[in-house]
Amino acid sequence: MSDTLLIRNVRPAGGAATDVLVRDGRIAAIGAGATGGDASFDAGGRLMIPGLVEAHTHLDKSFWGMGWHKHTAGPALIDKIETERRNRREFGIEPDRQSGRLVAQMVKLGTTHIRSHVDVDTEVGLAGVEGVMAMRERLKDVIDVEIVAFAQSGMLIRPGTLELLDQAMAMGADVVGGLDPCTLDRDPKGHLDAIFGLAETYGRPLDIHLHERGEVGAFSMELIIERTRALGMQGKVAISHAFCLGMPDADHVRRLMEDLARERIALVTTAPASSPAPSVMACLKAGVVIAGGSDGVRDSWNPYGMGDMLERATLVGLRNNFRRDEEMELALDVCTYQGAKVMGIENYGLEVGCTADFVILPGETICEAIVERPADRTVVKRGRIVARHGELTQPIA
Ligand SMILES: [Zn+2]
């Protein structure tokens, strides 16, 4: 395997055509006439964007590659949780296999980093975490995966779950997960004490699903902010969904945003079409990092999704009414640089010295690529071509 790769005639971030030399997994030089590659790739004037960052998904329970499963869950959160538990028993959703299938799809489309929440409960135990960890080891050359130990079915309401979360962290899960402290566990103090306690014990960050809307969600968010401040966990806490920031009380939302920025608590959004959601522009203006994610892809929660973070950029743009080019570029930023901040990815980007994780794709401009979502994507992971013109270079599922 060659250690150097010369990419010719490529336009980093939509700029002028140039050559990019990759050596030992990093961008070693940028400039017309860069030389020295053992192998070369002629990009034919295509764009280069940094590797897409999937900052919130659920790899362990996708139906990807298992045919179509009829969706029958009712509208409430608990309906979906119970349907999922039943589906898992009936359909044989094997986390190692299923996470690998979905990763193959995501890699082909240009994702180079994934944060996956993985279910931990008294029924599945640690099988999901073990399965995704096995997949992560198997595919470590093509994708970086961060695992969030996540009590999807509730933590305090299911005795034994907290102990399993503790074991998941001891096994090597990267992030402690939380979920709706008021409405699911119905004990916000107990829930937050437990997950912040685990985060402190293992010295790991937190990522909390917060679907709670309006004043209830705002109350939970204030408790999260207070604990982050009290425990000195600035920069180590993310809140996913944060639907409460889509509530109409603009003054309250502004105060929450200021507090999130002060405690460096990040947000992760799917830019949902059917729920309130934080405004990307308001977050960025307030100094709050906001990343993007698909959430579940083709699972018992969500029948939709292609695992495509360029599609997510389109959804972020539509949700936020981004029409001007510089706004649309922000939508891609949510799915790249902002995600890298949430996941703490070092040396991320298209500068000399950055890790060579990037995507080469057609498009006159970044905005055109977001809108067209071309299938022709060449994906480089740590300096190695893992997908060429939309096809994986090696089968990885
Ligand atoms: Zn989720």
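This is a predicted model: local features need pLDDT of at least 70, side-chain atom pairs count only at pLDDT 80 or more; totals for chains, interfaces and linings use all residues.
Eight strands make up an open sheet with parallel pairing, and their order is 6-7-8-9-10-11-12-13. At the edges sit strand 6 (52–57) and strand 13 (290–292), each of which pairs on one side only. On average, neighbouring strands of this sheet are turned by 25° against each other, direction ignored. As background, the strands of a sheet pair through backbone hydrogen bonds, in either a parallel or an antiparallel way.

Strand 9 (residues 175–179) runs parallel to strand 10 (residues 206–209), and four bridges join the pair. Within this pairing, Leu 179 stands opposite His 209 of strand 10. Helix 4 (residues 161–171) lies across strand 8 (144–150) and strand 9, and its direction is at about 160° to that of strand 8.

Now for two residues that touch each other. His 241 belongs to the loop between strand 11 (237–240) and helix 7 (250–262). Is His 241 buried or exposed? Its relative accessibility is 3%, so His 241 counts as buried, the cut-off being under 20%. The side chain of His 241 makes a polar contact of 3.3 Å with the side chain of Asp 295. Leaving out residues up to four places away in sequence, His 241 also touches several other histidines, namely His 56, His 209 and His 211. Its remaining partners beyond Asp 295 are Leu 210, Val 268, Thr 270 and Pro 278.

Leu 210 lies in the loop between strand 10 and helix 6 (214–230). With a relative accessible area of 0%, Leu 210 is buried. Apart from neighbours within four places in sequence, its contacts include Asp 180, Pro 181, Met 221 and Ile 239. The run from Ser 240 through His 241, Ala 242 and Phe 243 to Cys 244 is also in contact with Leu 210. By contrast, Gly 307 is 97 residues away along the chain from Leu 210, and their C-alpha atoms are separated by 22 Å.

## The largest pocket

Asp 295 turns up again here. The largest pocket has a volume of about 930 Å³, and 32 residues line it. Those nearest its centre are Pro 272, Ser 274, Ser 275, Asp 295 and Asn 302.

Which helices each supply at least two residues of the lining? They are helix 1 (77–91) and helix 9 (309–319). Helix 9 provides the largest share of the lining, with five residues.

## Ala 340 in helix 11

The last stop is Ala 340, found in helix 11 (residues 337–343). Ala 340 counts as buried because its relative accessibility is 5%. Setting aside neighbours within four places in sequence, Ala 340 is in contact with Val 53, Ile 345 and Tyr 348. Leu 392 is 52 residues from Ala 340 in sequence, and the C-alpha atoms of the two are 23 Å apart in space.

How values were computed:
Residues are numbered from 1 along each chain as its sequence is written. Side-chain values use heavy atoms; hydrogens and water are left out. Buried means under 20% relative accessible area, exposed over 50%, partly exposed in between (1.4 Å probe, protein chains only). A polar contact is a pair of N or O atoms within 3.5 Å; within protein, one must be able to donate a hydrogen and the other to accept it, and residues adjacent in sequence count only if both atoms are side-chain atoms. Contact means heavy atoms within 4.5 Å. Two strands pair if DSSP finds at least two bridges between them. Axes are lines fitted to C-alpha atoms, for helices over the stretch in contact, and angles run from 0 to 180 degrees between N-to-C directions. On a 1 Å grid over the protein atoms alone, a cavity is a set of points where a 1.4 Å probe fits but cannot get out, and a pocket is an open set with protein on both sides within 12 Å along at least five of seven lines; lining residues have an atom within 4 Å of a point. Grid points are joined across faces, edges and corners, and a volume is the space filled by probe spheres set on the points.
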